Amino acid sequence: MNNVREYLKDGDIVQDDITTNRPRTTLLLRKGTTVTEHLLSSLEKFECDFKEINFVVSRNGEIVSNSSNITEAPAEPHVKTEQKDPAAVSFSESLKNDAVKAARQLFAENVTMQEIRNTSEELSHDITDTLLLAGANANVCIQDLRVTDEYTYQHSVDVGVLAAQLARRLGWGEKKVNMAAQSGILHDIGKKRVPLEILNKPGKLTDEEFAVMKLHPVYAYKELSGIRDMDNEIKLGAFEHHEKINGKGYPRGLYGDQISEIAQILAIADVYDALTSKRPYKDGMSSARAVGIMTEMMGGFNQRFFATFLNCITIYPVGSHVICTDGFSYRVEKHVPGHPTKPLLLNEFTGRRIDLLERRDISIFGEDCEEIRNKLNLNK
Ligand SMILES: [Fe+2]
C-alpha cells in the first residue's frame with residue numbers, strides 16, 4: 001500500500017494527466033477524473049511514491065499542486081515521455097502477479113465455493129479498476145500482461161481482462177463489465193475435472209478424448225451452480241463459451257442469440273488468447289496473425305463484437321515491423337488511441353516517418369514476416 005491518500009483526496013478533480021515513471025511509465029489518472037474512494041483504493045496498489053509524482057488537482061475550488069515536493073524539475077505536462085505505448089493499458093507488476101496467484105487458487109483441489117466466489121470477484125474488480133483508470137480508448141497488449149507459462153492460470157487472467165475490455169468498448173455498464181471479467185476468470189474452471197493426460201496432450205485429441213474435453217463447460221456450470229450469490233450470467237458465460245453463433249459449437253450447439261452475451265465475448269477473448277499464447281508444443285502467434293485466422297472463423301463469432309474487439313487489442317505492438325502497401329517495411333513507433341491499424345511508423349532505412357491517419361493512400365499489408373514477404377515477392 002502506498003502513500004496516495006496523503007496527496008490525493010476523495011472529490012479532487014484532476015487538472016492534467018497524472019503519470020508515474022516507476023517501475024515504468026503508467027497513466028494513473030486521466031485529466032478531468034474525479035477522485036473517488038474507489039479510485040484511491042485502486043491507486044494504493046501501484047508501487048509508487050506519490051511524493052515524487054507531479055499532479056495538479058482542484059480541491060474545494062482551490063488548485064492544489066505537488067510540484068513543490070518534487071526535487072527534480074517536473075516534466076512539462078504536455079511533453080511526450082519515453083512511454084513505450086501510451087495507447088496500451090498498463091498493468092502494475094503486483095496486479096499481474098497477484099492475478100495469476102488468485103487464478104491458481106481457483107484451480108486448487110480443496111477450494112471452497114465461497115473462496116471461488118470471493119477470489120474471482122476480487123480479481124475481476126482489480127481488473128476492471130485498472131481498465132477504468134486507463135481510459136476509454138486504451139488497448140490491451142496481452143503480451144504485456146503475461147508473467148507465467150502456466151497456461152491455465154495465465155489464460156484465465158488474460159480472458160478475464162480481454163472480456164472486460166471488450167465489454168467496456170461495447171458500452172456495457174460497470175456491473176456487467178465486472179461480470180464479464182469474473183466469467184472470463186472462471187470460464188475454464190471445469191478443466192479441473194478433465195484428466196491431465198488429455199488436458200496437456202500436445203498432439204491432436206482422439207474423438208474419445210475430445211468428447212471428454214468438451215465436457216469442461218458442463219463441469220464449470222455444475223461447479224458454479226453451487227454458488228448461490230453469483231449472477232447466473234457469470235455461470236452461463238462459463239457454460240457457453242465454446243458455443244458458436246453459427247450453431248457449430250458445444251456442448252449444446254446453441255445458435256446466435258440463444259448464446260448469452262457474456263459467452264459471446266468470452267468466445268472471442270478465449271480464441272485470441274489461445275492463439276497468441278506460447279505452449280510447450282508451440283510458439284504464440286503474433287496478434288496480427290491471430291486476428292487473420294479469427295477473421296476466417298468469423299461465422300462463429302458475433303460480428304459486431306469481433307469488430308469492436310479489434311479496437312481493444314494491440315494488433316501491431318510498438319517495436320514490431322510491418323509491411324505496408326507501398327512495399328516498404330516500417331517499425332511501429334507509437335499507437336494512436338482508437339486506431340489500432342493506423343499506428344505511427346518509421347522506415348528505419350530512410351528515417352522517414354509516416355502517420356497512417358494522414359496518409360490515406362498507404363495501409364498496413366501485414367506484419368513483416370517471411371510469409372508476407374514471399375506473398376509480395378519482396379525477397380526476390
Ligand atoms: Fe474452454
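In helix H13 (residues 287–296), the buried residues are Ser 287, Ala 288, Ala 290 and Val 291; a residue is termed buried if 20 or more other C-beta atoms lie within 10 Å of its own, exposed if 12 or fewer, and partly exposed in between, with C-beta atoms placed from the backbone. These residues lie on the same side of H13, because they cover an arc of only 160° around the axis, the arc being that of the directions from the helix axis to the C-beta atoms. Ile 293 and Glu 296, on the other side of H13, are exposed. The model is a predicted one, in which local features need pLDDT of at least 70 and side-chain atom pairs count only at pLDDT 80 or more, while totals for chains, interfaces and linings use all residues. Residues are numbered from 1 along each chain as its sequence is written.

Helix H12 (261–276) and strand S10 are the elements against which the buried residues of H13 pack (contact: C-beta atoms, placed from the backbone, within 7 Å). Helices (H or I, at least four residues) and strands (E, at least two) are DSSP runs, numbered from the N terminus.

An open sheet of 5 strands is ordered S9-S8-S7-S6-S10, with antiparallel pairing; two strands pair if DSSP finds at least two bridges between them. Strand S9 (353–355) and strand S10 (364–367) form the edges, each pairing on one side only. Strands S7 (residues 329–336) and S8 (residues 339–346) run antiparallel and are joined by 4 bridges. Lys 334 has Leu 344 in S8 as its bridge partner.

The peptide bond from Tyr 250 to Pro 251 is cis, with omega near 5°. Pro 251 is placed in the loop between helix H11 (232–240) and H12.

Key. Two residues are in contact if their C-beta atoms, placed from the backbone, lie within 7 Å.
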